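Student: I am new to this structure and would like a close look at a single part. Please take the salt bridges.

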Amino acid sequence: MSSSEVLQQNDGVEPTGATCYKRVLGKLQYLSFTHSDISFSMNKLSQFMHSPSEVHWKALKQVLRYLQGTMQFFLRIQIDNDFKLHMYSDADWAVDASDRASTTGYIPFFGKNLLSWSQRKQRIVARSSTEAEYRAISSALAERNWVTIC
């Protein structure tokens, strides 16, 4: 799914049955643990679970077709002597046109191995891209502190 593709709740298309949409999307949520490449799509499509339209169904079917073509790809654990924790973070300022909320994401690595990832909307609307980036760094540092304590 393209990050520039705009999906909206009220897109002018008649809502379809949400039960089947929720069922398919729920099963794909578990798959996103090993297929980090679909986590953005799952986040975006989950926002329309209560009243999906035909446009949302088409986007969900596009994700299913993508998965069918990339079944051989998955996360790999690499042997490495680097025992350092690396953390990367980023933010998109006011990316959601409906509520102007920024999106925060971070990815922790242990050596070359991915530990987890997170992407979510920020709760407070940032006044600048710098503020959105600081919030992303703060979230990443909180996650890093939690990982190093455990």
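Student: Is Arg135 buried, partly exposed or exposed?

Tutor: Arg135 is partly exposed, with a relative accessible area of 29%; buried means under 20% relative accessible area, exposed over 50%, and partly exposed in between (1.4 Å probe, protein chains only). This is a predicted model, in which local features need pLDDT of at least 70, side-chain atom pairs count only at pLDDT 80 or more, and totals for chains, interfaces and linings use all residues. Residues are numbered from 1 along each chain as its sequence is written, and side-chain values use heavy atoms, with hydrogens and water left out.

Arg135 forms a salt bridge with Glu131, and their closest N and O atoms are 2.7 Å apart. The term salt bridge stands for a side-chain nitrogen of Lys or Arg within 4 Å of a carboxyl oxygen of Asp or Glu. Side chains of opposite charge can pair when their charged atoms come close. Both Glu131 and Arg135 lie in helix 4 (residues 129-149), 4 residues apart, which is about one turn of the helix. Helices (H or I, at least four residues) and strands (E, at least two) are DSSP runs, numbered from the N terminus. Glu131 is also partly exposed, at 24% relative accessibility.

A search of the whole structure finds 2 salt bridges. Lys121 and Asp99 form one of them, with 3.4 Å between the closest N and O atoms. Lys121 lies in strand 4 (residues 118-121) and Asp99 in the loop between strand 1 (85-92) and strand 2 (103-110), so this pair ties together parts that are 22 residues apart in sequence. Lys121 is partly exposed at 32% relative accessibility, and Asp99 is partly exposed with a relative accessible area of 36%.
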